[in-house]
Amino acid sequence: MLNDEETPNTEPSTSETTETTNVATSSTEKATDDDQRQSTSVADANAGALEVSEEKSLANTDEYIRLRVITSDMTNEVHFRVKAATALVRLKRSYCSKLGFQVDELRFVFDGHRITDEDTPKSLGMINDDVIEIYQERTGGM
C-alpha cells in the first residue's frame with residue numbers, strides 16, 4: 001500500500017501537467033514571435049550591409065585592370081594599371097609621352113582590332129594581364 005500512496009505524490013496530476021505545458025507553450029510561442037521579429041530586423045539590417053560590402057568588394061576587384069603594352073618586335077614591354085571604365089586614349093598618351101612618340105605615330109591593337117580613343121577595357125572585354133600590341137603607323141604611298 002505504501003507504493004500506491006507514493007505514486008500520486010511523485011507524479012503531478014494531469015491537470016497540473018497540462019497547465020504547465022500550456023504556460024510553457026504560450027511563453028515559447030511569444031518568445032518565438034519576438035525572436036522572429038528580432039531576427040527579421042537583424043537579418044534585414046545584415047542583408048543590406050552584406051550587399052553593400054559585396055558591391056564594394058566587387059567594385060574594388062573589377063575597378064582596376066593590369067594591362068601589358070608590348071611593341072611588335074617584343075623588345076619593349078610596359079605595364080599599366082587602369083580603371084575598367086577609363087577611355088584607353090589616356091593609356092595611349094601616357095605610353096607615347098614615356099617613350100617619346102606622338103599618339104598618331106603608333107597603332108594600338110587588342111585581339112587583332114585597332115583600339116579607338118573611346119574604347120575602354122570594359123567595352124573590349126579585357127581582363128588582367130591582357131596584351132595590347134603596338135605597331136608603327138605607316139604613311140606614304142602614291
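**Notebook: the pocket and what surrounds it**

I started with the lining of the largest pocket, whose residues split into 5 nonpolar, 3 polar and 3 charged. This is a predicted model, so I keep confidence in mind throughout.

I listed who lines that pocket: T71, S72, D73, Y95, F101, L106, R107, I134, Y135, Q136 and R138. Its volume I noted as about 170 Å³.

Next I asked which strands each supply at least two residues of the lining. I found strand 3 (106–110) and strand 5 (130–136). Strand 5 gives the most, with 3 residues.

Then I stepped back to the fold. I count 3 helices and 5 strands in the chain. Read from the N terminus, the order is α-α-β-β-α-β-β-β.

I checked burial too: 20% of the 142 residues come out as buried. Among contacts with a separation of 6 or more, 54% join residues 24 or more positions apart.

Confidence came last. I get an average pLDDT of 73 for the chain, with 56% of the residues at 70 or above. Where does pLDDT stay under 50? One stretch is residues 15–32, and there the model has 1 contact beyond four places in sequence. Where pLDDT is low, the predicted coordinates should not be read in detail.

Methods. Residues numbered from 1 in each chain as written. Predicted model: local features only at pLDDT ≥ 70, side-chain atom pairs only at ≥ 80, totals over all residues. Heavy atoms only, no water. pLDDT = per-residue confidence, 0-100. Contact = heavy atoms within 4.5 Å. Helix = DSSP H or I, 4+ residues; strand = E, 2+ residues; numbered from the N terminus. Buried < 20%, exposed > 50% of the residue type's maximum accessible area, 1.4 Å probe, protein only. 1 Å grid on protein atoms, 1.4 Å probe; cavity = no way out; pocket = protein on both sides within 12 Å on 5 of 7 lines; lining within 4 Å. Points joined across faces, edges and corners; volume = space filled by probe spheres on them. Nonpolar A, V, L, I, M, F, W, Y, C, P; charged D, E, K, R; others polar.
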